[in-house]
Amino acid sequence: MNLRAPAIPLFNIDPYFSVWSATDKLTDSVPVHWTGKPNTMLGPVTVDGETLRFMGVGSLPAICQVSLDIDALSTYYVFQNEKIRLEITFTSPRVPHDLYRLSSPTAYMRAKAIPADGASHTVTVKLAVSEELCLNEKGQSEVETEVRQAKGLSCIRMGNKE
């Protein structure tokens with residue numbers, strides 16, 4: 001039996017930090033909070049100078065989504081064009097036996113680009129996130145961000161200044 005989820009989990013830590021895709025294709029809508037309020041994100045991928053969109057809505061052309069899979073902790077998307085296969089994984093490690101991870105407001109997005117044509121390509125994946133993730137309503141109060149590099153990862157902290 002093939003079931004369809006009513007919404008696709010992206011980043012889900014607690015009732016306040018909860019981001020979902022309300023459509024089967026990640027490029028068909030703006031991600032939302034579980035209440036339905038927008039949590040606007042845009043995911044551009046640049047391949048050899050051509051910029052496409054793997055997440056969110058906008059004027060950039062969308063890369064073709066070829067699959068979607070969900071398990072208890074992660075959501076797996078695969079996108080592909082003639083040059084690359086782009087694998088995007090969203091993980092929210094909420095395992096009850098690991099109290100450290102359970103209490104940490106951390107979510108992960110992993111991006112992996114694999115050549116689809118056997119050639120070498122220059123690929124850049126970005127994620128643009130609105131302040132809506134930290135607020136009840138956009139513009140409600142000031143938001144602060146901090147970017148750090150740790151063990152080869154780009155880590156971003158974003159929060160309501162109040």
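Mentor: Glu146 and Arg148 are joined by a salt bridge whose closest N and O atoms are 2.6 Å apart, a salt bridge being a side-chain nitrogen of Lys or Arg within 4 Å of a carboxyl oxygen of Asp or Glu. The model is predicted, so local features need pLDDT of at least 70 and side-chain atom pairs count only at pLDDT 80 or more, while totals for chains, interfaces and linings use all residues. Residues are numbered from 1 along each chain as its sequence is written, and side-chain values use heavy atoms, with hydrogens and water left out.

Trainee: Which residues do salt bridges that share partners join into one network?

Mentor: Side chains of opposite charge can pair when their charged atoms come close. Here, shared partners link Glu144, Glu146, Arg148 and Arg157 into one network; Arg148 is exposed at 52% relative accessibility, whereas Glu146, at 28%, is partly exposed (buried is under 20% relative accessible area, exposed over 50%, partly exposed in between, with a 1.4 Å probe and protein chains only).

Trainee: What is Phe90 in contact with?

Mentor: Leaving aside neighbours within four places in sequence, Phe90 is in contact (heavy atoms within 4.5 Å) with residues including Leu10, Leu26, Tyr77 and Tyr108.
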